[in-house]
Amino acid sequence: MTSLALGPSWLDPTYLISTFGLIGILAIVFAESGLLIGFFLPGDSLLFTTGLLVAGGTYLHQPLWLVCALIVVAAVAGDQVGYLFGRKVGPGLFRRPDSRLFKQENVEKAAAFFDRHGPKAIVLARFVPIVRTFTPIVAGVSAMNYRVFVLFNIIGGVLWGAGVTVLGYFLGQIPFVRENIEAILVGIVLVSVVPVAVELLRARRSGRAAPAADAERPDRAAAPAAGAGGRHRAG
């Protein structure tokens with residue numbers, strides 16, 4: 001296995017797994033799923049690499065079904081904690097000042113994502129870095145129906161946690177994938193960032209459109225006023 005040449009070495013999936021094993025995988029999945037400090041952790045590439053290593057019997061010697069089951073439990077539990085945190089903290093989260101680990105824009109992006117997709121955002125956010133960390137918190141802030149949240153949380157945890165791991169397991173048995181694992185992991189990271197880029201572009205376009213709309217409003221308001229004045233004078 002080669003190391004992922006993207007970002008610091010201590011965030012490399014292979015390094016993390018070889019150092020901390022299955023316990024480390026579960027801790028990272030839990031943290032990234034609902035703790036504010038977990039947004040920078042590798043999620044998709046970590047799960048994909050986990051599947052690869054299980055297939056090759058490297059570092060991980062547990063059966064695939066057990067690894068997937070534990071990952072799903074960690075992912076669901078992480079989102080539950082995020083939801084409960086959001087319910088407790090409430091709107092105060094949106095007034096929290098920026099710091100090195102916390103950026104207000106991350107919460108706002110998750111809120112916009114949640115508003116756009118509704119309950120299914122809990123599932124879709126699993127596949128969007130950063131957004132998946134803050135979406136369950138925003139769901140808690142919004143007081144989303146708890147039973148609905150639990151249902152979508154479990155669905156998302158299974159599709160993401162087990163799905164990406166199983167994908168890595170079966171693709172890991174293909175010689176081409178094993179020989180080009182570093183390029184594939186970089187590709188996974190880049191693809192997973194695409195939704196974030198799309199959201200940023202939408203936000204910028206919305207930000208540009210708002211001032212333009214505001215600028216047009218006085219002109220529109222002035223036109224009827226002028227017309228009314230003209231008619232009054234003519235009368």
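Modeller: Accessible areas here come from the Shrake-Rupley method with a 1.4 Å probe, and for residues only the protein chains shown count as cover.

Biologist: Thanks! What should I know about the model before we dig in?

Modeller: It is a predicted model, where local features need pLDDT of at least 70, side-chain atom pairs count only at pLDDT 80 or more, and totals for chains, interfaces and linings use all residues. Residues are numbered from 1 along each chain as its sequence is written, and side-chain values use heavy atoms, with hydrogens and water left out.

Biologist: What share of the contacts comes from residues 24 or more positions apart?

Modeller: They account for 77% of the contacts with a separation of 6 or more. A contact means heavy atoms within 4.5 Å.

Biologist: Switching topic: where does UniProt place the feature "transmembrane region"?

Modeller: The unreviewed UniProt entry puts it at residues 20–43, 63–86, 148–171 and 183–201. UniProt positions are given in the numbering used here, feature names are shortened, and annotations may be inferred rather than shown by experiment.

Biologist: What does the chain look like over residues 63–86?

Modeller: That stretch is 96% helix and 0% strand, and its end C-alpha atoms are 35 Å apart. Residues 148–171 are 100% helix and 0% strand, with end C-alpha atoms 34 Å apart.

Biologist: How far apart are Ala 69 and Ala 162?

Modeller: In sequence they are 93 residues apart, and in space 7.2 Å, C-alpha to C-alpha. Ala 69 belongs to helix 3, residues 64–89, and counts as partly exposed because its relative accessibility is 36%.

Biologist: Which residues form the nonpolar patch on the surface?

Modeller: Phe 127, Leu 151, Ile 155 and Leu 159, with about 350 Å² of accessible area together. Patches are made of residues with over 30% relative accessible area and no salt bridge; like charges are joined within 9 Å, and nonpolar side chains (Val, Leu, Ile, Met, Phe, Trp, Tyr) within 5 Å.

Biologist: Where does Ile 155 sit?

Modeller: In helix 7, which covers residues 146–171. Ile 155 is at 35% relative accessibility, so it counts as partly exposed.

Biologist: OK, on to charges. How many salt bridges does the structure hold?

Modeller: Three. A salt bridge is a side-chain nitrogen of Lys or Arg within 4 Å of a carboxyl oxygen of Asp or Glu.

Biologist: What does Arg 132 pair with?

Modeller: One partner is Glu 32, with the closest N and O atoms 3.0 Å apart. Arg 132 lies in helix 6 and Glu 32 in helix 1 (residues 13–34), so that pair ties together parts 100 residues apart in sequence. Arg 132 also forms a salt bridge with Asp 44, where the closest N and O atoms are 3.4 Å apart. Asp 44 is in helix 2, so this pair ties together parts that are 88 residues apart in sequence.

Biologist: Are Arg 132 and Asp 44 buried or exposed?

Modeller: Arg 132 counts as buried because its relative accessibility is 3%, and Asp 44 is buried with a relative accessible area of 9%. Glu 32 is buried too.

Biologist: What about Asp 79?

Modeller: Asp 79 forms a salt bridge with Arg 126, with the closest N and O atoms 3.3 Å apart. The pair links distant parts of the chain, 47 residues apart: Asp 79 is in helix 3, and Arg 126 is in the loop between helix 5 (121–124) and helix 6. Both are buried. Salt bridges that share partners join Glu 32, Asp 44 and Arg 132 into one network.

Biologist: Last one: why is helix 6 largely enclosed?

Modeller: In helix 6 (residues 131–141), 10 of the 11 residues are buried, so the rest of the structure largely encloses it. Among them are Thr 133, Phe 134, Pro 136 and Gly 140. Just after helix 6, Ala 143 takes a positive phi of about 55°.

Notes: Helix = DSSP H or I, 4+ residues; strand = E, 2+ residues; numbered from the N terminus. Buried < 20%, exposed > 50% of the residue type's maximum accessible area, 1.4 Å probe, protein only.
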